[in-house]
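Here is a structure to read with a few questions in mind. Each one asks what lies behind a term.

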Amino acid sequence: MSDMLDLERWKPASFLPDADARDGSLVFVVATLCFLACLTALAVLASDRAARGWTEQLTGEATVIVRPKANETPDSAAARAAETLAGVPGVAEARALEKEKAEALIAPWLGEETDLSDLPIPRLVAVVLAPENPADSKTMNLALKAQGLDASVDDHSVWMKDIERGASLARWIGMAVFALIATAAGAVVAFATRAGLAARHEVVEVLHLSGAEDAFIARLFQARFARMAAIAGLFGAAGAAIMGALLRLLGGGSGLTPVLPIAWTDLLAVTPAPLAAGLVAAVAARLTAQSIIRGLQ
Amino acid sequence: MSRNPLPEGAQDIDPATVRFDDVSMRYGRAPETLRDLSFSLEPGSFHFVTGASGAGKSSLLKLIYLAAKPSKGLVHLFGQDVSAVPLRDQPFLRRRIGVVFQEFRLLEHMSAFDNVALPLRIEGRKPDSYRQDVAELLTWVGLRHRMHAMPATLAGGEKQRLAIARAVVNRPDILLADEPTGNVDHEMALRILRLFVELNRLGTTILIATHDQDLVARSGMPVLHLDGGQLTRLRAEP
């Protein structure tokens with residue numbers, strides 16, 4: 001027999017048996033919960049990015065609806081409005097949209113069959129606002145009125161409020177789902193600890209009667225389940241990261257997931273998952289083990 | 001060495017290792033298993049607890065090794081009222097008590113060596129500090145050649161001797177044994193009894209629960225006899 005084998009024989013055995021048939025199931029359940037939690041985190045980040053993107057787009061632009069007066073053609077009214085707005089401080093660019101573009105925008109509301117040439121379609125002016133000190137709708141309205149134009153400015157503020165409200169709601173729902181999954185993971189680990197203690201009742205009782213302190217026994221279970229949950233968390237996080245990477249590769253914001261634009265940096269959000277799973281498991285296992293050991297007194 | 005939770009001078013007030021004052025015990029709402037027991041065990045004494053099955057022998061031992069609480073009366077260990085010992089200090093009290101269980105309670109995932117070393121590891125001792133002690137103890141119980149064997153591969157008598165080695169490895173003040181010869185043949189029973197006598201000569205208080213009248217008669221040690229949960233006589237044999 002080699003010296004190496006001899007040394008191995010003298011190595012003290014762990015206080016708890018190394019493996020249990022249920023350990024595999026627990027790793028699978030915790031890994032699945034971590035996978036779902038990480039996906040939720042990625043979805044929250046992506047929806048937040050999407051909302052910010054839309055808000056930035058809307059705050060940087062305004063649309064002006066120009067209604068021509070009797071003595072003026074729609075084209076000249078739109079051109080005059082664009083020229084007026086281009087001179088307003090805080091406006092970077094103002095461009096009258098062609099008649100076809102205005103009709104294309106309104107067509108979906110009236111149906112393909114409608115003959116738009118008979119309708120007094122208002123002309124639109126697309127305004128790009130200066131990033132710093134953008135002009136507000138009131139200033140633009142006053143400038144248009146001063147030039148005798150019948151026009152109204154839509155600075156998208158109504159839509160922005162809706163988007164902000166939606167984004168905030170999505171964030172809160174995401175966090176609630178995340179908290180729910182973390183709680184479920186804790187409950188699963190607590191249940192597994194209880195089952196683990198029941199299965200190793202003989203060991204716990206011998207340790208207890210041999211003078212082991214309650215905290216000592218609880219620590220054994222805490223370490224066992226924390227390690228198991230951390231490994232499960234690693235699997236779950238890796239699964240979620242792979243799925244996130246696939247979604248990103250398949251198009252990111254402009255492809256498969258246009259409303260959830262995932263960035264490569266978002267994938268870093270899954271890295272704390274193994275640690276978080278280990279911590280949740282450690283706390284759940286310790287509390288459960290302590291309450292059961294107290295029952296032995 | 002185990003921590004002693006006794007207050008200063010407690011040993012002087014009550015020198016008994018174990019003292020029961022009018023102790024009764026019941027499991028849940030069942031009738032009392034033990035009724036109005038009063039006795040004491042002096043340090044270094046050797047006693048048997050006898051009685052028919054269900055007389056309360058194991059329950060009496062449980063009260064001493066703090067696995068059960070009395071429903072009435074006071075249990076004193078090493079001069080200390082057990083009910084007054086805080087929960088956090090009870091493990092240190094348990095380390096002064098060695099227990100040999102009827103069904104051995106060896107840890108199946110540990111070798112014979114690791115089973116014996118268990119109480120020392122719980123106390124925080126490092127392998128280098130106890131390796132020699134454990135090996136000597138295994139020699140004393142005749143199991144040195146099986147020190148790396150797993151409990152499942154040991155015979156009944158070997159398991160019993162291993163359980164005794166584990167119970168005494170940290171030099172407890174009192175050794176309790178519940179039917180230690182119940183699963184072994186006559187020759188092995190006498191060998192085990194000799195181990196207990198040797199331990200007693202080294203100063204350990206011994207209390208053995210048994211229904212083996214032959215063993216009791218051969219030892220000539222005093223007997224606590226239980227009948228229907230009551231201590232009917234405290235006598236010396238033969």
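The questions and answers below concern a predicted model.

Q: Why is B:Leu66 called buried?
A: A residue is buried if 20 or more other C-beta atoms lie within 10 Å of its own. B:Leu66 has 22 C-beta neighbours inside 10 Å, so it counts as buried. B:Leu66 is in the loop between α2 (57–64) and β4 (72–77) of chain B, and it has a positive phi of about 60° although it is not a glycine.

Q: Why is B:Arg105 called partly exposed?
A: The cut-off for buried is 20 or more other C-beta atoms within 10 Å, and the cut-off for exposed is 12 or fewer. With 19 other C-beta atoms within 10 Å, B:Arg105 falls in between and is therefore partly exposed. The loop that holds B:Arg105 runs between β6 (97–100) and α4 (112–122) of chain B. B:Arg105 is not a glycine either, yet its phi is positive, at about 55°.

Q: What makes a group of residues in this model a nonpolar core?
A: The members must be buried, belong to the listed nonpolar types and be joined through C-beta atoms within 7 Å. The largest such core has 126 residues, and those touching the most other members are A:Val30, A:Cys34, A:Cys38, A:Val189, A:Ala229 and A:Ala281. Helix α2 (residues 23–59) of chain A supplies the largest share of this core, 17 residues. A separate second core of 23 residues includes A:Leu124, A:Val125, A:Ala143 and A:Val153.

Q: Which residues is A:Val30 in contact with, leaving aside its neighbours within four places in sequence?
A: The cut-off for a contact is C-beta atoms within 7 Å. Under it, the partners of A:Val30 are A:Ala185, A:Val188, A:Val189, A:Ala229, A:Ala232, A:Gly233 and A:Ala277.

Q: How many residues of chain A and of chain B are in contact with each other?
A: Contacts link 14 residues of chain A with 21 residues of chain B. On the side of chain A, helix α7 (residues 201–209) gives the most, with five residues. That side divides into eight nonpolar, three polar and three charged residues.

How values were computed: Residues are numbered from 1 along each chain as its sequence is written. Chains are lettered from A and ligands numbered from 1 in the order in which they are written. This is a predicted model: local features need pLDDT of at least 70, side-chain atom pairs count only at pLDDT 80 or more; totals for chains, interfaces and linings use all residues. Helices (H or I, at least four residues) and strands (E, at least two) are DSSP runs, numbered from the N terminus. Two residues are in contact if their C-beta atoms, placed from the backbone, lie within 7 Å. Ala, Val, Leu, Ile, Met, Phe, Trp, Tyr, Cys and Pro count as nonpolar, Asp, Glu, Lys and Arg as charged, and the others, Gly among them, as polar.
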